[in-house]
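Reader: I have a model open on my screen and I'd like to know where the labels come from. Can we go through a few of them?

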Amino acid sequence: MKYRLVLALLLLPAAAGLIAVQGTAVATRSYMQEASSQANTALRLAVAALSGHLNRYQALPALIADHDDVKELVTRPRDRRLRGAVNSYLKEINELLKSSDIYVITPDGNTIAASNYDGPTSFVGENFSYRPYFQDALKGNQSRFYALGTTSLKRGYYFGAPVRVGGDIRGVIVFKVDIETIEASWQGGEYRIFVSDPEGIIFMSGNPAWLYAGILPLTPDRLARTEGSRRYADATLRPLPVVQSELSGHRLLKVSEGSEREYLALSHYMPEADWTVNVLTDTASVRTQALTTVAAVMLLLCLAGLAIAIIIQRRARLRERILMQEQAQEELERRVEERTADLARVNSQIEAEIAERRFTEQQLRQTQADLIQAGKLAGLGQMSAALSHEFNQPLAAAKTYADSAALLIERGRTAEASDNVRRISGLIDRMASISRHLRNFARKPNEKLGPVRLDEVMRDTLEIVAVRLKAADAEMDTDLGDELAVLAGSVRLQQVLVNVISNAADAVEGLDDRKLSVRAWREGGRVVLTVRDRGAGVAPAVAERIFDPFYTTKGVGRGLGLGLSISYNIIKDFGGSLTVSNHLEGGAVFRIELAVAGETGREAAE
């Protein structure tokens with residue numbers, strides 16, 4: 001076993017070196033293929049952009065050549081009026097189409113009209129008979145050519161079309177397209193994009209330093225063909241220091257630009273334009289990724305070896321730990337049993353305390369309910385004197401109507417007696433209504449809530465507090481909106497409104513302005529109801545304790561100080577809020593907020 005371990009340690013460096021070499025090659029091929037796929041996408045986009053840009057203008061030269069003024073001018077090239085008209089027309093079309101230049105050439109190669117006729121580099125008078133686009137168009141063909149302008153010294157793509165008059169070719173119309181806008185989009189990107197001609201000379205490039213450099217050897221034949229068409233005017237042509245190679249089917253270019261850089265190269269030939277679009281992507285990141293991957297694999301192998309060594313080392317301690325764990329398990333079980341017994345005792349104590357708290361809570365709720373009922377009965381007691389007066393008036397009137405009816409019956413005046421009986425019935429209905437509302441107000445409610453209409457509760461409330469309002473000579477101004485309904489209990493909500501409106505009546509009693517205002521509106525999912533008086537308002541010290549039980553600012557015998565405290569707790573049980581503040585124009589404002597009911601039913605469970 002010992003010798004095998006030594007042999008494995010001796011072979012480990014050789015195995016690691018073999019894995020590093022082979023792994024680097026495999027990883028490089030994989031990342032190179034991925035980079036090639038991404039560069040191919042960029043190449044397709046560049047080709048599509050160039051094709052789309054050039055195809056936009058392909059049909060325009062023939063259309064312009066068919067213009068009547070252009071045909072007339074090539075027939076009479078010395079006509080100054082025609083020249084001026086065509087010059088203006090070409091300039092207008094050039095500005096409209098955002099092209100570089102448009103010009104008309106006679107069969108002898110002289111330019112007789114141009115869109116730049118009034119510019120410093122006007123083509124008018126220049127001879128372009130040496131240009132292939134002129135020669136091809138003069139033969140009756142639609143021509144194309146890309147070159148550096150000999151007059152404007154601007155690169156462009158030329159479209160040529162013959163100007164036919166009566167079946168004869170009398171001239172050529174040339175349409176020059178600016179390609180610098182597309183070239184500008186290639187600068188600063190992830191890829192280096194350039195366009196080369198059949199001689200290998202770079203005509204467009206995202207790197208301006210590569211313009212007019214050859215990626216192929218500049219042989220005398222290539223230079224002669226280029227100079228014959230004056231494609232690049234007087235530009236200096238030079239070879240690009242590049243070395244081509246191949247790796248797993250991928251073409252690589254090494255370019256020496258101060259420092260040598262290697263690129264993965266992809267190309268696409270565009271036959272209609274007779275140029276080749278090339279996309280280069282730097283292979284430094286590819287090789288870095290490959291090395292990083294191999295390094296990661298080697299690190300994982302080292303970690304795996306280290307893990308094996310650790311496992312072997314830990315096996316020696318496993319039995320010792322198992323024994324220690326068994327002892328610790330026994331100690332833990334003993335402690336758990338002791339702790340379980342303690343928890344059982346504590347749990348019994350907690351259950352007893354919970355039962356005691358529940359009983360106390362039930363007593364507290366019963367006491368609160370009794371206190372609310374006591375407050376209501378106290379309020380009824382305060383109104384009893386005024387209510388007795390309210391009952392005495394209809395009773396006295398009923399007695400008078402009854403005596404009068406008996407006398408009228410004796411005299412045979414039954415119609416008038418029947419009218420007295422109807423009046424007596426109306427007085428009885430009035431007293432029954434007052435009695436019914438007082439009975440409903442005094443009875444104990446249960447805890448169920450439901451939708452309650454504010455207008456109905458307010459109507460019943462006003463019948464109860466009518467005597468108090470009359471005693472205070474207070475005037476009510478009510479605006480409850482459009483059929484608002486809240487989630488509450490109608491009797492308890494009625495009790496709250498009775499308490500609040502009664503307090504408001506107390507606040508304005510004896511004052512000049514005894515107007516009370518009740519308003520209600522909806523805010524989101526809540527309904528807001530306010531009761532405002534024109535009294536002295538609420539002092540800050542009073543506002544802090546106004547909802548405390550048995551706190552009152554009234555004189556002895558005029559209240560127990562429970563009304564607002566009970567009202568506060570009732571609104572809180574409804575899930576709402578009751579607050580008080582002072583109005584800017586004077587007086588106190590009690591604000592009640594309740595949840596909007598899901599439906600506007602007439603009855604609510606109490």
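Reader: Why does Thr 281 count as buried?

Author: Buried means under 20% relative accessible area, exposed over 50% and partly exposed in between, using a 1.4 Å probe and protein chains only. Thr 281 has 9% relative accessibility, so Thr 281 counts as buried. Keep in mind that this is a predicted model, where local features need pLDDT of at least 70, side-chain atom pairs count only at pLDDT 80 or more, and totals for chains, interfaces and linings use all residues. Residues are numbered from 1 along each chain as its sequence is written, and side-chain values use heavy atoms, with hydrogens and water left out.

Reader: Where is Thr 281 found, and what is Thr 281 in contact with?

Author: Thr 281 belongs to strand S13, residues 275-282; strands (E, at least two residues) and helices (H or I, at least four) are DSSP runs, numbered from the N terminus. Contact means heavy atoms within 4.5 Å. Setting aside neighbours within four places in sequence, Thr 281 is in contact with Ala 39, Tyr 191, Glu 262, Tyr 263 and Leu 264.

Reader: What makes S15 and S17 a pair?

Author: Two strands pair if DSSP finds at least two bridges between them. S15 and strand S17 (residues 515-523) have 5 bridges, in the parallel sense, so they pass. Glu 475, for one, has Lys 515 in S17 as its bridge partner.

Reader: Which strands are the edges of that sheet?

Author: The open sheet has 5 strands in the order S15-S17-S18-S20-S19, with mixed pairing. S15 (475-479) and S19 (577-582) are the edge strands, since each pairs on one side only.

Reader: How do you know that the length of H11 agrees with what a helix should span?

Author: The expected span is 1.5 Å times one less than the number of residues. For the 19 residues of H11 (residues 490-508) that gives 27 Å, and the end C-alpha atoms are 27 Å apart, so the two agree. H11 is also mostly covered, with 15 of its 19 residues buried. After H11 comes Gly 510, whose phi is positive, near 85 degrees.

Reader: What makes a set of residues a nonpolar core?

Author: The members are buried Ala, Val, Leu, Ile, Met, Phe, Trp, Tyr and Cys residues, joined through side-chain atoms within 4.5 Å. The largest such core here has 55 residues, and Leu 50 is one of those that touch the most other members. Helix H1 (residues 2-55) gives the largest share, 9 residues. A second, separate core has 42 residues, including Leu 454 and Ile 566.
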